[in-house]
Protein chains: 2
Amino acid sequence: MNQLLLLSPEEAALRRGNLQSLMRAKGLDAMLVCDNANLFYLSGRVFAGYAYIPAEGDAVWLVRRPVELTGSNVCYIHKPENIPDVLLSQGLAAPDVLGLEFDIASYSMVTRLMGVFDGSRFENANGILRAARSVKTAVELSMLRESGVKHVEVYRHIPALYEPGMTDHELQVGIERVSRIEGCLGVFRISGQSMELFMGSVLTGKNADEPTPYDFAMGGAGLSPTLPVGACGEEIKEHSTVMVDMSGNFTGYMTDMTRVFSVGEISDEARKAHQCSIEICRMFEKEALPGVEASTLYRMAEDIVAERGLERYFMGHRQHASFIGHGIGIEVNELPVIAPRSRAVLEVGNVIALEPKFVIPGTGAVGIENTYHITADGPECLTPAPEEIISLV
Amino acid sequence: MNQLLLLSPEEAALRRGNLQSLMRAKGLDAMLVCDNANLFYLSGRVFAGYAYIPAEGDAVWLVRRPVELTGSNVCYIHKPENIPDVLLSQGLAAPDVLGLEFDIASYSMVTRLMGVFDGSRFENANGILRAARSVKTAVELSMLRESGVKHVEVYRHIPALYEPGMTDHELQVGIERVSRIEGCLGVFRISGQSMELFMGSVLTGKNADEPTPYDFAMGGAGLSPTLPVGACGEEIKEHSTVMVDMSGNFTGYMTDMTRVFSVGEISDEARKAHQCSIEICRMFEKEALPGVEASTLYRMAEDIVAERGLERYFMGHRQHASFIGHGIGIEVNELPVIAPRSRAVLEVGNVIALEPKFVIPGTGAVGIENTYHITADGPECLTPAPEEIISLV
C-alpha cells in the first residue's frame, strides 16, 4: 500500500484551495498540471502523470508511473488521450476553460493536450501556480527551516575543509561531500530549461568576473564550456576571496545562502563592499514588510551602494545581474523577484533569497546571501550564520 | 577576446552540414535552436540565445548572454523580437518553413517565436536534431572515449570506498567524491523535463525493487519523495548486491556504465541473472552491426532471458522498463533506443548504452551496462572494466 498523497488531507486542501481561488478569479474551470515541481507541491511526491484540479472539489491524480499507488481519485492512464474518459468516470464534465502550463510544458505536450480537450478553451496556468507557490504554507516553512538548519551546519565545516594550494573545485567537492552526508538531495531545481547548475558555486579570484550565460547573480567560467558557471579548477590564491554559494536542498525545499572566506589580506575595497552587502541585508530586515514593493527594496539597496561609490562592482563587474533577490522554495527561481522593474508587492509567507553581491576585479566576489521568510513583523532569517568574511588561514 | 565558436571551423561545418542535409530532405528553409544541449552540439559551448541554421550557408549566433563573445556571425540581441532584423542585416530573408524545437521548447517560447516569424510556416525540428546527434563525429567520439577512460578509473576505487555498516547513500557519496575529483562535471543531462537524477544511482537489497516514476531502467525509493529514485539511505546488508550506475560526464559527453558488487554470499538466481546480462552484452558485441534493427537486438536479448527462465526479473520485477539500451552523448536519452517497438536501424557512429538488468527480490539488482560505439566492424566498448560481480568483503 503506497498512498499517492503524501500531504495530510488538510495540507493538500489548503494548497488546492489557494489555487482554486486564483483559478475562479481568472475564470478557469480546471487546470491540468504535469511539471514535477508543481506535482510535488500538490501531492508531496513526484510522479509521472498529471494532476487535474477542478475550480471546485477534489483533485484527480492521473498516473502513468510508478505502479501500485493508491488513494482517493488515483486513476492510472497509459497516455493523455485517456484523460477525458477517466474524468467522465469520476463524474467530471469537460472544462470550458482549461489551464495548462504554457511556460513549462513543451509545445508538443501542450498542443497534444489541446487536441485531447478539443472542445475547451485554454489559458496559461503558470501565473496562478507561481503566485500560489510564492506564499508558503506552515508545512512548507517547516521544510524550509529544516533545510536552513542543515545548510548552516554544512557551512560551519568549510574552514576545516580548506588546505593551502587547493583549487576552487577541490574545495567545492569537499563541501559537496559534507552537504550530501548531511542529507542534501543534490538536485538543484530551476524552473524552465535555460539555467543549469550542479549543487552550487564556489568562486575565487579573477574567475568571479567571468561572465556566464545563465541568469544567476554571479558568474564563473566553470570546468567546461558545456556548463560555464562557477569553479574553474584554478588554485585559490593569496589575497583572494572565496565565495561559497552551495545548494541547501535537504527536504525538497531549498534555502539559498552565501558566505565569503579569504586567504591572506584582501583589499579595503573588497572589505568595504562586503560590509555594504551586510548593511543591505540589515536594511531589508527592517524594511521588507508585507505591502512593500519589491522595486522599492531594490532602489533602497541601490541607494546604499551608490552612497559608498560601489556601483561598478554591484551584482557583477564585466556582466551585471538585474536582480538582488528571488523567491525560493521547491525551485530556486520562484516569485517574488527583487528587481528594478518587478511589480511584486511583498506578502506574508513569501520566502526570498536576498543576495546583494559585488565582484572586485582581481580579488573575487564578496557579499552575503540569506533566505528570509516574510512575516507580518518583518523578515525571519532562515540562514542565521556569521556574516563577516572568515579567514581560511 | 572570447570566441563563441569553440569547435574547429571544420567540425562546426561537419555538424551543421549533417543537419542541413536532413533539413533539405524535410523541406525546411532554416531552423532556430535554443536548447542548451543543441547549442552545445552546434557551437561547443552553452550560451543564452539562439542558433539560426539556414538550409545552406553559415549559422548565425543570436546571443543574449554572456557578454563579450566574438566571432563570425555573432550578433547580440535583447529579445527574440530582434531576430528578423538581425537576420536581414546578415542578408538572410525570412524563411518560408522554419524548424523549431517543438518537443523541448515551452509552448510560450514556441508561440512567441511563431509570432516573431509571422509569415513563416513551422515544423518540428527535434526529429532532425535527434537524428543528426545520434551519429557521433570523430571529435564527439574522442570526448566519449575520454569520459569512458575516467569513468572506468572511478569504478576501480569502489571496493576501497566500502566499509561494513555503510548505507547505500554513504557509498554513493564516496563515489561521487572520487568522480568529481577525477573531473566529473556532475550535471546529468536528460532531454525533456520529466526525468531527474542526481549523478546516478546506487541500489541495494529490496530498495532495488521500488518502482520509480521515471523512465530509467531501474528504480529505488530515493532519499525523498521529491526525487524518488536510487539510494534510500538503508544499510547495505549481507547477502545483497550493490548496483552502481553513476554518471560518466567528464567532457560534456557522457558514458553510461553499471557494475555490481556483493556483500557476502548471494543467491544462485542472482549470479545466474548476472551471467545472463554479460551474455547479452557478448551477443550485442557480435550482432550490433550497422543495418541491424534495434527491435531485432531487443528480441535476441529477450530470447536469451527466456531460455534461462529469468523473464520475471528482467528489467525490473514489480515494475518493468520497456527498453534495454539507449543512445547517449550530450544527454542520456538519445537515439537509437533498443526496445521492442523501436524502428531504429543501427548506423556507424551510434553510441549506445546497453543495460540488460535484473531485479532479484530480496537480493537486489544485477546485470551490467556498457557504452558501445557502433563501427562497421561491430561495437567498440567505451567502458572496458571487469564485468563479474565484485565482492566487497
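Two residues are said to be in contact if their C-beta atoms, placed from the backbone, lie within 7 Å. The views below show a predicted model.

**View 1. Where chain A touches chain B.** In this view, 47 residues of chain A are in contact with 47 residues of chain B. On the chain A side, the elements that give two or more residues are helix H2 (36-43), helix H4 (107-116) and helix H8 (168-181), and the largest share, five residues, comes from H8(A). Sorted by class, this side of chain A has 25 nonpolar, twelve polar and ten charged residues.

**View 2. The packing of helices H1 and H5 in chain A.** Helix H1 (residues 9-26) and helix H5 (residues 126-133) of chain A pack with their axes 9 Å apart and at an angle of about 140°, which makes H1(A) oblique to H5(A). The crossing of H1(A) and H5(A) is right-handed. From H1(A), the residues A:Asn18, A:Leu19, A:Leu22, A:Met23 and A:Lys26 meet A:Ile128, A:Ala131 and A:Ala132 of H5(A), and the residues of this contact divide into six nonpolar, one polar and one charged.

View 3. Four strands of chain A form an open sheet in the order E9-E10-E13-E21, and their pairing is mixed. Strand E9 (200-204) and strand E21 (390-391) stand at the edges, where each has a single partner strand, so one side of each is left without a neighbour in the sheet. E9(A) is joined by five bridges to strand E10 (residues 240-246) of chain A, and these two strands run antiparallel; A:Ser201, for instance, has A:Asp245 in E10(A) as its bridge partner. H8(A) packs on this sheet and touches E9 and E10 of chain A, while its direction makes about 145° with that of E9(A).

**View 4. An antiparallel sheet in chain A.** Here five strands of chain A form an open sheet in the order E15-E14-E16-E19-E20, and the pairing is antiparallel. The edge strands, each of which pairs on one side only, are strand E15 (334-338) and strand E20 (378-381), and the twist averages 30° from one strand to the next. Three bridges join strand E14 (residues 325-327) to strand E16 (residues 351-354) of chain A, and the bridge partner of A:Gly327 in E16(A) is A:Ile352.

**View 5. Details of the backbone in loops.** Most residues other than glycine have a negative phi, and most peptide bonds are trans. A cis peptide bond, however, joins A:Arg65 and A:Pro66, with omega about 0°, and A:Pro66 lies in the loop between strand E4 (60-65) and strand E5 (69-70) of chain A. In chain B, the peptide bond from B:Arg65 to B:Pro66 is cis, with omega near 0°. A:Met199, in the loop between H8 and E9 of chain A, has a positive phi near 65°, and A:Met199 is buried because 26 other C-beta atoms lie within 10 Å. A:Met315, in the loop between H10 and E14 of chain A, has a positive phi near 55° and counts as buried with 22 C-beta neighbours inside 10 Å.

View 6. A:Glu302 and A:Ala25 are 277 residues apart in sequence and 36 Å apart in space, C-alpha to C-alpha.

How values were computed: Residues are numbered from 1 along each chain as its sequence is written. Chains are lettered from A and ligands numbered from 1 in the order in which they are written. This is a predicted model: local features need pLDDT of at least 70, side-chain atom pairs count only at pLDDT 80 or more; totals for chains, interfaces and linings use all residues. Axes are lines fitted to C-alpha atoms, for helices over the stretch in contact, and angles run from 0 to 180 degrees between N-to-C directions. Angles under 35 degrees count as roughly parallel, over 145 as roughly antiparallel, 65 to 115 as roughly perpendicular and the rest as oblique. A crossing is left-handed if the near helix is turned anticlockwise from the far one by less than a right angle, and right-handed if clockwise. Ala, Val, Leu, Ile, Met, Phe, Trp, Tyr, Cys and Pro count as nonpolar, Asp, Glu, Lys and Arg as charged, and the others, Gly among them, as polar. Two strands pair if DSSP finds at least two bridges between them. A residue is buried if 20 or more other C-beta atoms lie within 10 Å of its own, exposed if 12 or fewer, and partly exposed in between; C-beta atoms are placed from the backbone.
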